[in-house]
Amino acid sequence: KRLVVLVSGSGTNLQALLDAIAERGAAAYGAAVVAVGADRDGIEGLARAERAGLPSFVCRVKDHGSREEWDAALTEAVAAYEPDLVVSAGFMKIVGKEFLARFGGRFINTHPALLPSFPGAHGVRDALAYGARVTGCTVHFVDDGVDTGPIIAQGVVEVRDEDDESALHERIKEVERRLLVEVVGRLARNGYRIEGRKVVIQ
Ligand code: GRF
């Protein structure tokens, strides 16, 4: 299976996928990353693609006349690689109708909180501020809401009294990377069905 991974930052989730595929072999894992896309330049996630010898593209909102035009351009850029599955790994933009029409049902996201708690761009900070005793990460299909699509898997992480946002996020990311690698491999190898809110992996 062909994966396109979308990033906006350090790309450690992308790196976890690349390492797992390199280690196990694409055939055994069931998928290979064929390209990396970003919404901005100069991020470590793009450098990781470069080091892995992968094609990458940058699709910036400000390069387009409107959000819809950006969405159309992103859809086209991703479609060029003919992915079976698109993975948002720290991609910090909300895609639009055209992207979802094209990739809905095979577009997943990883979020650093236990959805439906703490959706949005500050899930780690919000859980900490709320005083949650456990938080974690969620891998889910992307639908037309923000972090509202059918949940595939979740991992729980304890919140420690001494935690600040970055310490907690780092601990979440340790769980998140393993969860994402496991989920992507299973979706790719076994196939899956989405039945309402339920995801059934064969
Ligand atoms: C991940 O925790 C992701 O859930 C969140 O931002 C982080 C991205 O980390 N949206 P990285 O770019 O994969 O290192």
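H140 sits in strand β6, which spans residues 134-141, and in this predicted model the residue counts as buried, at 1% relative accessibility. Once neighbours within four places in sequence are set aside, H140 is in contact with F107, I108, N109, H111, L115, D147, T148, G149, P150, I151 and I152.

H111 is found in strand β5, and with a relative accessible area of 3% it is buried, because buried means under 20%. Beyond four places in sequence, the contacts of H111 are F118, P119, G120, G123, G136, C137, T138, H140, D147 and E176.

D147, a contact of H140 and of H111, is placed in the loop between β6 and β7 (151-158). G120, another contact of H111, belongs to the loop between β5 and α6, and it touches H111, V146 and D147 when residues up to four places away are not counted. G120 and M92 are 28 residues apart in sequence, and their C-alpha atoms are 9.3 Å apart in space.

| Residue | Relative accessible area | Class |
|---|---|---|
| H140 | 1% | buried |
| H111 | 3% | buried |
| D147 | 16% | buried |
| G120 | 24% | partly exposed |
| E82 | 60% | exposed |

**Backbone geometry**

Most residues other than glycine have a negative phi, and most peptide bonds are trans. D147 has a phi near 60 degrees, a positive value in a residue other than glycine. E82, in the loop between α4 (67-79) and β4 (85-88), likewise has a positive phi, of about 45 degrees, although it is not a glycine. The peptide bond from L115 to P116 is cis, with omega near 10 degrees, and P116 is found in the loop between β5 and α6, where G120 also has its place.

**The largest pocket**

The largest pocket has a volume of about 800 Å³. It is lined by 41 residues, of which G90, F91, M92, N109 and T110 are the closest to its centre. The elements that give two or more residues to this lining are α1 (12-24), α5 (97-103), β5 (107-111), α6 (123-130) and α7 (165-190). By residue class, the lining of the largest pocket divides into 13 nonpolar, 18 polar and 10 charged residues.

**Helix α3**

In helix α3, which comprises residues 44-51, the buried residues are G45, L46, R48 and A49. They lie on the same side of α3, because the arc that they cover around the axis is only 155 degrees. An α-helix has 3.6 residues a turn, so residues three or four places apart point the same way. On the other side of α3, E50 and R51 are exposed. The cover over the buried residues of α3 includes β1 (2-7), α1, β2 (32-38) and β3 (56-58); α1 is also among the elements that give two or more residues to the lining of the largest pocket. α3 is followed by G53, whose phi is positive, near 70 degrees.

Methods: Residues are numbered from 1 along each chain as its sequence is written. This is a predicted model: local features need pLDDT of at least 70, side-chain atom pairs count only at pLDDT 80 or more; totals for chains, interfaces and linings use all residues. Side-chain values use heavy atoms; hydrogens and water are left out. On a 1 Å grid over the protein atoms alone, a cavity is a set of points where a 1.4 Å probe fits but cannot get out, and a pocket is an open set with protein on both sides within 12 Å along at least five of seven lines; lining residues have an atom within 4 Å of a point. Grid points are joined across faces, edges and corners, and a volume is the space filled by probe spheres set on the points. Helices (H or I, at least four residues) and strands (E, at least two) are DSSP runs, numbered from the N terminus. Ala, Val, Leu, Ile, Met, Phe, Trp, Tyr, Cys and Pro count as nonpolar, Asp, Glu, Lys and Arg as charged, and the others, Gly among them, as polar. Buried means under 20% relative accessible area, exposed over 50%, partly exposed in between (1.4 Å probe, protein chains only). Contact means heavy atoms within 4.5 Å. The arc is that of the directions from the helix axis to the C-beta atoms.
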